[in-house]
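Colleague: Before I rely on the labels in this description, I would like to go through them with you one by one and hear what stands behind each.

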There are 4 protein chains.
Amino acid sequence: MGSSTGRIFRVTTWGESHGGALGAVVEGCPPGMVLDLDALQRDLDRRRPGQSRITTQRKEPDRVQVLSGVFEGRTLGTAISLVVFNTDADPRAYAPFKDTFRPSHADFTYEARYGLRNWQGGGRASARETVARVAAGAIAKQVLRELAGVEILAWVDRVGDLVAGVDPDAVTREAVEANPVRCPDPDMAAKMEALIKEVRREGDTIGGVVRCVARGVPAGLGDPVFDKLEADLAAAMMSLPAAKGFESGSGFGGVGMRGSAHNDVFINKDGQIRTATNHSGGIQGGISNGMPILLSVAFKPVATIFKEQDTVDRAGRPTTIKPKGRHDPCVVPRAVPIVEAGVALVLCDHLLRWRAIRSG
Amino acid sequence: MGSSTGRIFRVTTWGESHGGALGAVVEGCPPGMVLDLDALQRDLDRRRPGQSRITTQRKEPDRVQVLSGVFEGRTLGTAISLVVFNTDADPRAYAPFKDTFRPSHADFTYEARYGLRNWQGGGRASARETVARVAAGAIAKQVLRELAGVEILAWVDRVGDLVAGVDPDAVTREAVEANPVRCPDPDMAAKMEALIKEVRREGDTIGGVVRCVARGVPAGLGDPVFDKLEADLAAAMMSLPAAKGFESGSGFGGVGMRGSAHNDVFINKDGQIRTATNHSGGIQGGISNGMPILLSVAFKPVATIFKEQDTVDRAGRPTTIKPKGRHDPCVVPRAVPIVEAGVALVLCDHLLRWRAIRSG
Amino acid sequence: MGSSTGRIFRVTTWGESHGGALGAVVEGCPPGMVLDLDALQRDLDRRRPGQSRITTQRKEPDRVQVLSGVFEGRTLGTAISLVVFNTDADPRAYAPFKDTFRPSHADFTYEARYGLRNWQGGGRASARETVARVAAGAIAKQVLRELAGVEILAWVDRVGDLVAGVDPDAVTREAVEANPVRCPDPDMAAKMEALIKEVRREGDTIGGVVRCVARGVPAGLGDPVFDKLEADLAAAMMSLPAAKGFESGSGFGGVGMRGSAHNDVFINKDGQIRTATNHSGGIQGGISNGMPILLSVAFKPVATIFKEQDTVDRAGRPTTIKPKGRHDPCVVPRAVPIVEAGVALVLCDHLLRWRAIRSG
Amino acid sequence: MGSSTGRIFRVTTWGESHGGALGAVVEGCPPGMVLDLDALQRDLDRRRPGQSRITTQRKEPDRVQVLSGVFEGRTLGTAISLVVFNTDADPRAYAPFKDTFRPSHADFTYEARYGLRNWQGGGRASARETVARVAAGAIAKQVLRELAGVEILAWVDRVGDLVAGVDPDAVTREAVEANPVRCPDPDMAAKMEALIKEVRREGDTIGGVVRCVARGVPAGLGDPVFDKLEADLAAAMMSLPAAKGFESGSGFGGVGMRGSAHNDVFINKDGQIRTATNHSGGIQGGISNGMPILLSVAFKPVATIFKEQDTVDRAGRPTTIKPKGRHDPCVVPRAVPIVEAGVALVLCDHLLRWRAIRSG
């Protein structure tokens, strides 16, 4: 349990940071689709380490292989097996910590749950598991695009206390990818990059917020009461490493508003029922309303810092720890494609669920 | 689909606001437990309308009946069927809106999804569906208490821009229930109550934040990577009516921190491994670490306001709408037991999941 | 767990034989359908006790109530809650056996699993639980009929060693319902009825076989490799009380055949690809091929007999037992609508699953 | 959907007969177990083609690799990824049939469902998919053995009309593996082998029955009403390629018995509650009763025969077909480890489910 998500478009991921490989099995992909492997690799490249100076320097080409479910370039409707082999795993760097619990990592909790852990690079708890999500998510993106014209776009909205000014209706992929921070507000991006570099020099880390818009989502997706679209999106986002907060539409900011200001008035726009504002973030009663879906994810500062910290060992004896090596001073630039993938998996599953019960 | 949650402790709810009844089927409850029906009714009473001057005045006794799964007072291990009949349903009040989409309600999205809707009081989209969650959640609370000594306690932390000062380690049920706002900070509770009354006089509504602590949760609950504890908690909370935001531990506030300040240092406290701080909110790597689990949920101002608003009808023609009758000016006081129930359902399911795979 | 079935058309049942009521929650029913409550009651009437001289004489009107999911006669797309209240429960008849394990009943195994049991009439293990299946199955039948023109028809094919001669392509509901045995071979039906009466006089019971055909099932239903149509049908049938065997198409009889005789040659019949024979029973590779689906279910002689039998009590002490009261001398006449319901639930779920992934 | 099974011990398989590889992802395996890779390979060897003169001559070493979930030889509790690469795939042999539907294969139904198919060797519909089941099942066997002392043993009970005489209480693995037919009745095994060779010479095939016993299963496994042990076992068996029938305990043979003869009388055997006979096949009310679980599976004659047969092509035009190459004249000798694996997956899942809810 725990390594699968989705009900119809169902994805199972596996793999440890320093095991042989990572992968995903994708069930429920509609058959007959010409699988766009380049797009899949492109998203993996956006996620992979070492792509810019402000991310971890682990060298992983992250080449994806398709072992089943595709024939002569087309999806068969059967389970698609995706594999990415690890190449730059260096378990020795972690040997000093194999009996010590790194603060705010999952070392202690994995031992509490399983009685043992792969101490090499975080094992299953490493952010490296998101390789599999991104690969599967790229397939979901393609299904969404081909069946419903949906486009999903995420960006860095905040680093530390630096908040970008971004219009979610106008933002483009080009603007996002124009800088290594992946913040489409160029001035703020420069400040964010400077802050990340400063934090890196200190051997420290800083948090951030990724914001994401999904455009073209048809009205009618979501399955109340437990599988409301916001519930499934929240789960997808809060299952990402380092995620500590989720907002849909107005989020925590909407709390201070009066209902008369917050309500999204319906209008007739060129024959389509739309809302004049979008505090609902494209979702009402757990179901998409045809407006852009808008959400944010808060990521804490990652736990790997190059400073001496107090901790205990497996026997509970006080000790100190000071990691060395490679780290991400701020996780959000690389989290952008990961957030997109997570959103895509949810929307794709709900699109197929909706096809099952709709009339006609 | 969509009306069930949980994998082992699995709950299926049903019922419309103005249909005959609402209910829940609870599967996976451990057998042989003396079911505390009084506790169950107590939580329903905390949730029911009309309990104070600052909530909706609908009169519903919300008496729960157990139709199966219990024999001579004990749980049988078979499915438990819980039913609450509606008594004060007044569908006529909603007749004027049956062809009009109320802004920020789910009228439009239910029609987009299903092609029709029960227009009486919101139907399945009404907050009244949470009756079933609270009833099932009370059973989950009992399982958690008896099997693991877990205690779950929620309170109102914010109304509009009024933020309470509450120590999550010290807060008690008595302090929460001491005032109709369910805010354990008495001074702020008085201000919140005044604000809610003001908003009600205006025929308007206001948002709020409910905060929740779960104490005594054993280390080791949570099922990475998709069923991390935070993911399942986020889904449970974001599936609640009017929820727009979720935080675990430091949440959005942690974004501005450095890792060196945010990391929770491990300590040995009387032979138990604990953390000195709890920015993680009791969860690391998606698994509980034995510290109190701490989360917050943002609720938007509810959509029913007694002011004239622009909207469209089913044919897309512009019109106006001005509801009458009963409403909740601020949803959070009654959301307190609902949040507790949702948290209980998740923790109970994960407690049973953990028992399945643990050694011994 | 255990009380739910189906992935999209998902049914959860609950209820004990002598508890207050039995019921089902049906999720995933397509919205907007005018629910045929008469058809639902008709199937319950075919299942209910006391309908003929050769079944149990318990008096239960088995009137079904719909508590949610239907509005102004139409399905809402939300969960449909069905309830049937017990009226003729007589727990006192079972009091003598509350500490004794009746041979080949589930008394011992329920205690082994749950540590306690509702000893009144078998509790959850009673065949009375199939009330809920039949009610839910009637909705599934309607969905199948309206969306795909599928017709499901079962009959008694064997009682003891008496085997009927029935042409599955020609058999009609009228022929099945023409006699209390529900065997459309009138001569054999008379012999079967005589045998059942003889067995009843002896205070004994006898087994039987129900055969079922589903006509009009479109080619393409079934989800290899684990959710092959035959796998899900087998599970549905083997989950029925007293079921001990399942056959699809040629079943055990096909074992003795050569492949050259067993293979179903494809033909072009009026522009449709069909098979000349139907040893496959309408399913190849786990997927329907458009031919009639054909299956059989073996039911053992029911365990309640009015003869003295050796057994042990809860403490393991040898004792004897001799039940009194009401029983079914042969379960298969009443099993006919139950088999149909079970088949309908599986086919309806697979029809909706297929709609989710098919192109267009 | 469709490629996963189990709720807690959850297995997802993938792979086509002539794709790059086949594999399984195993979730829910208890952590800390020293994984017996040799046992895993041994079962694969018993399943693989070319192992005797009476099976297909395809040469596949079927070496299994573990890509995740195991660390320093022990299970981590995380998802275990198993892969077997195809080496002797010869797609050219199938090219003549790519536009023709082979009778009683899944060619037509896969096209009906998915609109296309991998025509190379049956693709996903090939019996080669059972490689993944056997690999995963070997892990399940180990869990069952270590946690509960369960032993699972299958054998060939019938080939064509030749029926073996085997005592399920006494049969041993050595007796089963003593001959290539895997029938522990040596005289009958010799006749069966002769029959299979005769059938092979004719270019034809013949069906068979595999019987399986599970010893040491604790009383209390099974989850009524839908996940009764017999239901899940039936689904597992009927999801196997070429399976057409399933029996538990007395099966179809019990139909002709009176209840007074069929009932299994309870006895006290050395302080344990047991039954004097075992017509129930170790399962009562869908729950194991501590007696040996006993089941049979009927396999039809496989569809690949080397005789000219009528059929149609994709356009529905009549044509003929005459396959060449390699085939299994009788599938049951190789089905023995496959049946064992399927039974193991079900029992292992139910063992873990039972641990979740049991008291203590």
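**The sheet and its edges**

Modeller: Let us begin with chain D of this predicted model, where five strands form an open sheet in the order S1-S2-S3-S7-S4, with antiparallel pairing.

Colleague: What makes strand S1 and strand S4 of chain D the edges?

Modeller: Strand S1 (4-5) and strand S4 (64-68) of chain D have a single partner strand each, so one side of each is left without a neighbour in the sheet.

Colleague: How do you know that S4(D) and strand S7 of chain D pair?

Modeller: The criterion asks for at least two bridges between two strands, and S4(D) and strand S7 (residues 80-85) of chain D have 4 bridges, in the antiparallel sense. As a point of reference, D:Gln65 stands opposite D:Val83 in S7(D).

Colleague: Which helix packs on this sheet, and which strands does it touch?

Modeller: Helix H3 (residues 130-148) of chain D does, touching strand S2 (10-15), strand S3 (21-27), S4 and S7 of chain D, and the direction of H3 makes about 30 degrees with that of S3(D).

**Chains C and D**

Colleague: Why is the relation between chain C and chain D called a two-fold axis?

Modeller: Chain D can be laid on chain C with an RMSD of 0.0 Å by a turn of 180 degrees, with a shift of 0.0 Å along the axis, and that is the relation of a two-fold axis. The same surface serves both copies, as 100% of the contact residues of chain D recur in chain C.

Colleague: What makes the two S11 strands, one in chain C and one in chain D, a pair?

Modeller: Again the threshold is at least two bridges, and strand S11 (residues 243-248) of chain C meets it with strand S11 (residues 243-248) of chain D, over 3 bridges in the antiparallel sense. Here C:Gly245 stands opposite D:Glu247 in S11(D).

**Two helices of chain C**

Colleague: At what angle do helix H6 and helix H8 of chain C pack, and how is their contact divided by class?

Modeller: Helix H6 (residues 229-238) and helix H8 (residues 332-357) of chain C pack at about 145 degrees, with their axes 9 Å apart, and their contact divides into 8 nonpolar, 2 polar and 1 charged residues.

Terms used: Residues are numbered from 1 along each chain as its sequence is written. Chains are lettered from A and ligands numbered from 1 in the order in which they are written. This is a predicted model: local features need pLDDT of at least 70, side-chain atom pairs count only at pLDDT 80 or more; totals for chains, interfaces and linings use all residues. Copies are superposed by least squares on the C-alpha atoms of residues with pLDDT of at least 70 in both. Two residues are in contact if their C-beta atoms, placed from the backbone, lie within 7 Å. Axes are lines fitted to C-alpha atoms, for helices over the stretch in contact, and angles run from 0 to 180 degrees between N-to-C directions. Ala, Val, Leu, Ile, Met, Phe, Trp, Tyr, Cys and Pro count as nonpolar, Asp, Glu, Lys and Arg as charged, and the others, Gly among them, as polar.
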